[in-house]
Amino acid sequence: MYRNARAEMVRAGISLTQLAEEMESHASIWSEKLNGKRPISLTEAKKFKEVVKSNLTLEELFEEFGEAV
């Protein structure tokens with residue numbers, strides 16, 4: 001799960017639906033990507049960073065966190 005990416009979406013006030021529209025994709029696909037169930041390409045990661053206007057590095061944005069137990 002990419003918690004930092006999701007947190008940046010919240011800070012930017014961008015919903016999953018809005019993100020999917022900006023990324024020319026579907027919300028369900030981006031839900032799976034942000035949950036670590038689908039890979040995110042470098043091109044997608046860069047565009048995500050641009051869309052949410054994040055100051056974090058790509059490494060910080062897409063740092064993987066395990067599921068809470």
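Start with Glu24: at 72% relative accessibility, Glu24 counts as exposed (exposed means over 50% relative accessible area, buried under 20% and partly exposed in between, with a 1.4 Å probe and protein chains only). Glu24 sits in the loop between helix H2 (16-22) and H3, and it has a positive phi of about 55° although it isn't a glycine. Before going further, keep in mind that this is a predicted model, where local features need pLDDT of at least 70 and side-chain atom pairs count only at pLDDT 80 or more, while totals for chains, interfaces and linings use all residues. Residues are numbered from 1 along each chain as its sequence is written, and side-chain values use heavy atoms, with hydrogens and water left out.

With a relative accessible area of 70%, Lys53 is exposed.

Now zoom out. The protein chain has 5 helices and 0 strands (helices are DSSP runs of H or I with at least four residues, strands are runs of E with at least two, and both are numbered from the N terminus). The radius of gyration of the protein chain is 11 Å, close to the 11 Å that the globule rule gives for 69 residues, so the chain is as compact as a globular protein of that length. That radius is taken over C-alpha atoms, and the globule rule is 2.2 Å times the number of residues to the power 0.38. Along the principal axes, the C-alpha atoms fill a box of roughly 30 × 25 × 20 Å.

Buried residues make up 28% of the 69 residues in the chain. Of the contacts with a separation of 6 or more, 56% come from residues 24 or more positions apart (contact means heavy atoms within 4.5 Å).

What sits inside? Look for the aromatic cluster formed by Tyr2, Trp30, Phe48 and Phe62. Rings of Phe, Tyr and Trp (its six-membered ring) pair if their centres lie within 6.5 Å; planes under 30 degrees apart count as stacked, over 60 as edge-to-face and the rest as tilted. The count by this rule comes to 3 aromatic pairs. One of them is Trp30 with Phe48, stacked at 6.1 Å centre to centre with 20° between the planes. This pair links distant parts of the chain, as Trp30 is in helix H3 (residues 27-34) and Phe48 in helix H4 (residues 42-52), 18 residues apart. Both Trp30 and Phe48 are buried.

Phe48 also pairs with Phe62: their ring centres are 5.4 Å apart and their planes at 65°, so this pair is edge-to-face. Phe48 lies in helix H4 and Phe62 in the segment after helix H5 (58-61), so the pair ties together parts that are 14 residues apart in sequence. Phe48 counts as buried at 0% relative accessibility, and Phe62 counts as buried at 15%.

Finally, turn to Lys33 in helix H3. Is this lysine buried or exposed? At 8% relative accessibility, Lys33 counts as buried. Leaving out residues up to four places away in sequence, Lys33 touches Tyr2, Arg38, Pro39, Ile40 and Glu44. The C-alpha atoms of Lys33 and Met1 are separated by 8.5 Å, with the two residues 32 apart along the chain.
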